[in-house]
Amino acid sequence: MDLVDGFFEWFGNLGIFFWQVLRAAVTPPYEWRELIHQLDEVGSRSFPLVCAAGAAIGVILSMEARYSLTRFGAKSMFPVSLVYSVVQVMGPVITGLMVSGRVGAGIGAELASMKVTEQIDAIEASAINPYRILAAPRIMACILMLPLLTLVADASGLLMGWFAQTLVEPLSFQQFIESGFKNAKLNSFLPQTFKTTVYGLIIGLIACYEGMSTRGGAEGVGRAATKSVVLGSLFLILADVVLVKFILIVFP
Amino acid sequence: MATTYDISTDQVDLERQGSASIVAVNTLRKSFGSHRVLDGISLSIARGETLAVLGRSGTGKSVLLRLIIGLETPDSGSVCINGQDITGLAIDKMGKIRKKMGFLFQHAALYDSLTVAENVAFPLTHHRRDMSRAGRDDRVKQLLAEVGMEKNLGKMPSDISGGMQKRVGLARALALDPEVLLLDEPTAGLDPISSGEIDDLILKLQRERKMASIVVTHDLHSAKTIATRLALLDQGKVVIEGTFEDLQQSNIALVKDFLKQS
């Protein structure tokens, strides 16, 4: 029963936290400098990681697709298969999970450390809204950067997927792209890319909430970092289930 | 050589002016779980006064300060600043009240990713947006000079001692020219010489700025030096409130014990 109570209490508190952040984010003064700093922190610094993860996924999908399609005599479908599996399915999820691991843990630990050393209280005591200066720019940066990082992961995945294929069976890049995106509509890719804004909201919101509401010393900081990653990743995947269904209904 | 300032003249002047309470705490109660920390505390303080809140560890002294600045919400009772009840105020409305208050945290709570100068500039950057960069830099230097830290502008908080951190924390607390200064254990963990220096600094600031100050401490010597009035807390209640002489003349066993042990 305590577990159920705890579950609803957590959601309730997260909802209140989200409302506070939303109110702080939409009312002036706006913290542009902090937002730009966080865009760099979340975006530029995640670039190499997302690139590498996208590349690995591209190579794996390329090998798997070639093997399966050859068995079914549909080798000509390779470019389309790779493009769709990278851009529609794996690119967004892998980017979300990578950012959740790197950025979610970082935000959770940083804010938790500030909380246990009373730095967040000091911000509040200085008549500065900590939701406005700490949470809003971080969450906004996650929301804005996730789609861009997803495009990076997609590009990296497609490039390395094509490269892996070319090592086995030469295929020009132009031919690969032309056949891969043949008959492709914007509706096939845009919703899948922009759904990652929801991932960004989940990652940023949970990490900021866990960080700013932590208690206890070093143990509390560790707990906040762990919960930020675990809960962020879990809710990201759960949200994906809903988002995929939603996109299939709205963009048939 | 430590300098001692006499604030009694200022105090008399202010009393003549008939200054009303700037901070008034009425029957304040606060519990954490089943543990009642404050049990009906009532205190008030006028401009230019310094109230030292004494008591053993865990008697709710720091919680009282956090309630006054709105970092905690009381279970019942009220906190009035300049006659306005602040209990339950939304964070932005509370911000307007907090601009009139400075808070020195027990462990200074400096922003560890910012330099000493940036720490002091932080409230100015957010509340004096019309101030030019040069003007802000001058103000920061002036504030740090007031606390004797003008030579440490570029240092990180981790590179300076605990006493120096408290000085920087004090400069940050003074950045917005507060009317009320709340000091949480300003001399805790410091050697006697540094404690004396912090006491002198607080006295100097009181004399120059004429703020209302509430100092939470378990250091009776420090309280005697800087406070115009003392309040002793025990089990969430005010046991006695008055001047140091009032405490000395008290027949309450706990007060006698406290004076003897200190």
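This briefing describes the helices of chain A and the strands of chain B.

The model is predicted, so local features need pLDDT of at least 70 and side-chain atom pairs count only at pLDDT 80 or more, while totals for chains, interfaces and linings use all residues. Residues are numbered from 1 along each chain as its sequence is written, and chains are lettered from A and ligands numbered from 1 in the order in which they are written. Helices (H or I, at least four residues) and strands (E, at least two) are DSSP runs, numbered from the N terminus.

**Chain A overall**
- Chain A has ten helices and zero strands, in the pattern α-α-α-α-α-α-α-α-α-α along the sequence.
- The C-alpha trace of chain A spans about 65 × 45 × 35 Å along its principal axes.
- Chain A has 252 residues, of which 46% count as buried (20 or more other C-beta atoms within 10 Å of the residue's own, with C-beta atoms placed from the backbone).
- Of the contacts in chain A between residues at least 6 apart in sequence, 88% join residues at least 24 apart; a contact has C-beta atoms, placed from the backbone, within 7 Å.

**A helix pair in chain A**
- Helix 4 (residues 78-116) and helix 8 (residues 186-194) of chain A have axes that come within 9 Å and cross at roughly 10 degrees; axes are lines fitted to C-alpha atoms, for helices over the stretch in contact, and angles run from 0 to 180 degrees between N-to-C directions.
- That crossing makes the two helices of chain A roughly parallel (an angle under 35 degrees).
- Helix 4 of chain A contributes A:V87, A:Q88 and A:P92 to the contact, and helix 8 of chain A contributes A:S188, A:F189, A:Q192 and A:T193.

**The hairpin in chain B**
- Strand 1 (residues 21-32) and strand 2 (residues 35-46) of chain B run antiparallel and are joined by nine bridges; strands pair if DSSP finds at least two bridges between them.
- B:L28 has B:I41 in strand 2 of chain B as its bridge partner.
- These strands of chain B form a hairpin with two residues between them, and B:G33 in the turn has a positive phi of about 65 degrees.
- Strand 1 of chain B also pairs with strand 4 (residues 76-81) of chain B, antiparallel, over five bridges.
- B:A24 stands opposite B:C80 in strand 4 of chain B.

**The six-stranded sheet in chain B**
- Six strands of chain B form an open sheet of mixed pairing in the order 6-7-8-3-9-10.
- Strand 6 (101-104) and strand 10 (237-242) of chain B are at the edges, each with a single partner strand, so one side of each has no neighbour in the sheet.
- Strand 3 (residues 50-55) and strand 8 (residues 212-216) of chain B pair in the parallel sense over four bridges, with B:L51 opposite B:I214.

Key. Buried ≥ 20, exposed ≤ 12 C-beta atoms within 10 Å, placed from the backbone. Contact = placed C-beta atoms within 7 Å. Parallel < 35°, antiparallel > 145°, perpendicular 65-115°, else oblique.
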